[in-house]
Amino acid sequence: MRARLAFVLPAIGLGLAFAFGGCTSRSTPEPANPTAEAVAVAPADDAKTKQAIFDLCRKMDESIAPFRWDLKTCADIPWRTDRNSEEGRPLIYAEFGEPTSANKTLILAMVHPDEITPLYLGFQLAQYFRAHESELKDAHVVVAPFVNPDGFFRKPRTRMNARGVDVNRNFDTPLWREKAVKEWNTKLGKNPRRFPGNAPNSEAETKFQVDLIERFKPAKILSIHAPLNVMDYDGPTSLTLDRFAKEYVHECYQLRNRIRAKMTGYFPGSLGNYSGVERGIPTVTLELPSANPKLAEAYWKKFQPGIHSMVDFKFENDDRKIVTNPPRRK
Ligand SMILES: [Zn+2]
């Protein structure tokens with residue numbers, strides 16, 4: 001069986017690596033609600049779409065108010081949408097930097113909406129790149145911070161989408177038909193949180209991510225999750241973690257200093273499998289150590305420089321020639 005390496009922090013290392021003081025004393029947050037004017041959409045989009053994005057953002061802001069985050073979510077971001085979720089909510093993304101640059105990074109968050117900390121990082125990244133757009137020299141970033149809104153608005157929030165599908169097991173990978181449902185029935189004991197769907201690429205939220213990959217052809221992908229506390233890498237053999245930007249790699253090494261390498265499964269239908277292994281796009285899954293909303297700001301401070309550095313990082317032309325599967329590791 002093919003498998004990939006994941007680096008897992010033991011629980012004891014977690015506190016050392018990520019204990020930050022002072023994040024509970026907050027200044028009064030700025031009003032986070034966007035104005036209708038601030039919700040910019042593609043020129044062809046109609047007023048109805050604009051209103052739908054506005055409503056989505058307002059409802060999300062209401063939902064996260066108890067966290068008392070100092071976070072502007074949607075305001076001032078040129079959101080676009082081309083596709084709705086299974087329950088009809090707009091699936092939003094925004095572009096920053098130089099659209100003609102080949103150095104494209106796709107950043108995804110909230111694929112699993114019961115993981116709250118990635119929501120903070122996803123929207124902070126959109127705000128950050130908007131504010132620092134002039135620094136994006138020869139770089140183009142596409143941020144989709146709210147991939148699965150339907151699961152987010154369930155009470156309680158769910159990992160799955162509105163149809164009960166784990167969107168990160170629904171990509172159309174070669175082994176999906178052979179293994180996804182079979183393994184769910186056997187190995188996974190029909191765990192509803194891991195249901196891959198009845199067919200590959202059946203879900204609006206999966207198609208949304210596939211659309212973004214097909215349209216923008218990113219040179220690298222970052223998908224932000226929590227709380228497994230691992231950093232997975234999927235990609236061609238020639239592109240190991242040390243090909244990423246120095247600061248990002250440094251971050252990985254810091255983690256690795258406290259970790260033991262551990263196997264995780266090779267999941268049919270996962271994004272890493274679809275984009276990293278099958279398409280040769282270096283794909284990093286950052287699993288934040290906790291889904292505790294109180295830690296979100298600390299994670300932002302911790303990972304923001306590395307993520308910016310990853311966005312700036314340009315692969316040499318030769319780097320992307322080899323697109324073979326990663327070696328089997330034990
Ligand atoms: Zn997840």
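Strand 4 (residues 104–109) and strand 6 pair in the parallel sense over five bridges, where strands are DSSP runs of E with at least two residues, helices are runs of H or I with at least four, both numbered from the N terminus, and pairing requires at least two DSSP bridges between two strands. This is a predicted model, in which local features need pLDDT of at least 70 and side-chain atom pairs count only at pLDDT 80 or more, while totals for chains, interfaces and linings use all residues. Residues are numbered from 1 along each chain as its sequence is written.

**Strand 6 and its partners**
- Within the pairing of strand 4 with strand 6, Leu108 has Ser223 as its bridge partner.
- Strand 6 also pairs with strand 9 (residues 283–287), again in the parallel sense and over five bridges, and here Ile221 stands opposite Thr283.
- Because six of the six residues of strand 6 (residues 220–225) are buried, this strand is largely enclosed by the rest of the structure; buried means that 20 or more other C-beta atoms, placed from the backbone, lie within 10 Å of the residue's own.
- Lys220, Leu222 and Ile224 are buried on one side of strand 6, and Ile221, Ser223 and His225 on the other.

- Beyond its neighbours within four places in sequence, Val143 is in contact (C-beta atoms within 7 Å) with residues including Tyr93, Ile107 and Phe129.

**Overall**
- The protein has nine helices and nine strands, and buried residues make up 48% of its 330 residues.

Methods. Buried ≥ 20, exposed ≤ 12 C-beta atoms within 10 Å, placed from the backbone. Contact = placed C-beta atoms within 7 Å.
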